[in-house]
Amino acid sequence: MTRFDKFFALKAITLTAALSMTAGLALAGDNNISSDKILDALKPKPVTRGLSAGPQADPAVQAKEATFLNTVRNRSTRSLSTGEREQIAELAATKPKIDLEIQFDYNSADIAKTSVPSVQALGKALSDPALKGSTFVVAGHTDAIGGEEYNQGLSERRADTIKKYLVQNYGLNGTDLVTVGYGKTKLKDTANGADPINRRVQVVNMDTKTASK
């Protein structure tokens, strides 16, 4: 092999390696989700009021939930008590929800650039007519690094950031978005508390009466 051939062979190897690294980085950062998937996850499940098969809607329970939601609807995130936060989590457990890996900069409430498409997809989904009239909980979470009090405040700021983005960019009604922070109390990966996937946002459709028959 001549010196000329060796030079171009080396250039080809270098270029191939660079392209492989670039592809790997792109794949690693591609954790965004489509608006259609968000919409499907948040659509109310059909409920009935009669004796037919399927989930049964209890008017008394629905009325109690609605009353509670109204008490937190226009509240600031930081004003929620521990009991109210846990009550929201309890109600959310049975509602249509989606856990979005919306990443934030470390030690910050700023949305990571790689996660902006996910927030935009969320805004598009929540603007869909199929979800009109629903009340949504936007819950912020942190990783396990740092103290409880600091992480609680950080999770609240992250939830508020998402709400502000949705209201400003998609014209959503702020009263339909209930924000809550859980700090590091509800880790997604309990075995790896410092993992970035714990710095996330969960969105829950709390209003399912639009699907009642």
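1. In this predicted model, the axes of helix H5 (residues 116-126) and helix H6 come within 10 Å and cross at roughly 60 degrees, where axes are lines fitted to C-alpha atoms, for helices over the stretch in contact, and angles run from 0 to 180 degrees between N-to-C directions. That angle makes H5 oblique to H6, given that angles under 35 degrees count as roughly parallel, over 145 as roughly antiparallel, 65 to 115 as roughly perpendicular and the rest as oblique. The crossing of H5 past H6 is right-handed, a crossing being right-handed if the near helix is turned clockwise from the far one, and left-handed if it is turned anticlockwise by less than a right angle. On the H5 side the contact (heavy atoms within 4.5 Å) is made by Val 116, Val 119, Gln 120, Leu 122, Gly 123, Lys 124 and Leu 126, and on the H6 side by Ile 162, Tyr 165, Leu 166 and Tyr 170.

2. Helix H5 also packs against helix H2 (residues 35-42), with axes that come within 8 Å and cross at roughly 50 degrees. H2 is therefore oblique to H5, and this crossing is right-handed. Ser 35, Ile 38, Leu 39 and Leu 42 of H2 meet Ser 118, Ala 121, Leu 122, Lys 124, Ala 125 and Leu 126 of H5.

3. On conventions, residues are numbered from 1 along each chain as its sequence is written, and side-chain values use heavy atoms, with hydrogens and water left out. Local features need pLDDT of at least 70 and side-chain atom pairs count only at pLDDT 80 or more, whereas totals for chains, interfaces and linings use all residues.

4. The secondary structure of the chain comes to six helices and four strands, helices (H or I, at least four residues) and strands (E, at least two) being DSSP runs numbered from the N terminus. The elements follow the order α-α-α-α-β-α-β-α-β-β from the N terminus on. Of the 213 residues, 39% count as buried, where buried means under 20% relative accessible area, exposed over 50% and partly exposed in between, with a 1.4 Å probe and protein chains only. Among contacts between residues at least 6 apart in sequence, 78% join residues at least 24 apart.

5. The structure holds nine salt bridges, each defined as a side-chain nitrogen of Lys or Arg within 4 Å of a carboxyl oxygen of Asp or Glu. One of them pairs Asp 176 with Arg 73, the closest N and O atoms being 3.7 Å apart. This pair links distant parts of the chain, 103 residues apart, with Asp 176 in the loop between H6 and S3 and Arg 73 in the loop between helix H3 (59-72) and helix H4 (82-92). Asp 176 is partly exposed at a relative accessible area of 26%, whereas Arg 73 is buried at 17%.

6. Asp 99 forms a salt bridge with Arg 200, with the closest N and O atoms 3.1 Å apart. Asp 99 lies in strand S1 (residues 97-100) and Arg 200 in the loop between S3 and S4, so the pair ties together parts that are 101 residues apart in sequence. Asp 99 is partly exposed, with a relative accessible area of 29%, but Arg 200, at 6% relative accessibility, counts as buried.

7. The side chains of Lys 188 and Glu 101 also meet in a salt bridge, at 3.3 Å from N to O. Lys 188 is in the loop between S3 and S4 and Glu 101 in the loop between S1 and H5, so that the pair links distant parts of the chain, 87 residues apart. Both count as partly exposed, Lys 188 at 37% relative accessibility and Glu 101 with a relative accessible area of 26%. Salt bridges that share partners join Asp 99, Glu 101, Lys 188 and Arg 200 into one network.

8. Not counting residues up to four places away in sequence, Arg 158 touches Phe 104, Asp 105, Asn 107, Ser 108, Ala 109, His 141, Thr 142 and Arg 199.

9. Tyr 182 is found in the loop between strand S3 (177-181) and strand S4 (201-205) and counts as buried at 5% relative accessibility. Tyr 182 and Ser 155 are 27 residues apart in sequence and 6.2 Å apart in space, C-alpha to C-alpha. Leaving aside neighbours within four places in sequence, the contacts of Tyr 182 include Arg 85, Glu 86, Ile 88, Ala 89, Gln 152 and Ser 155.
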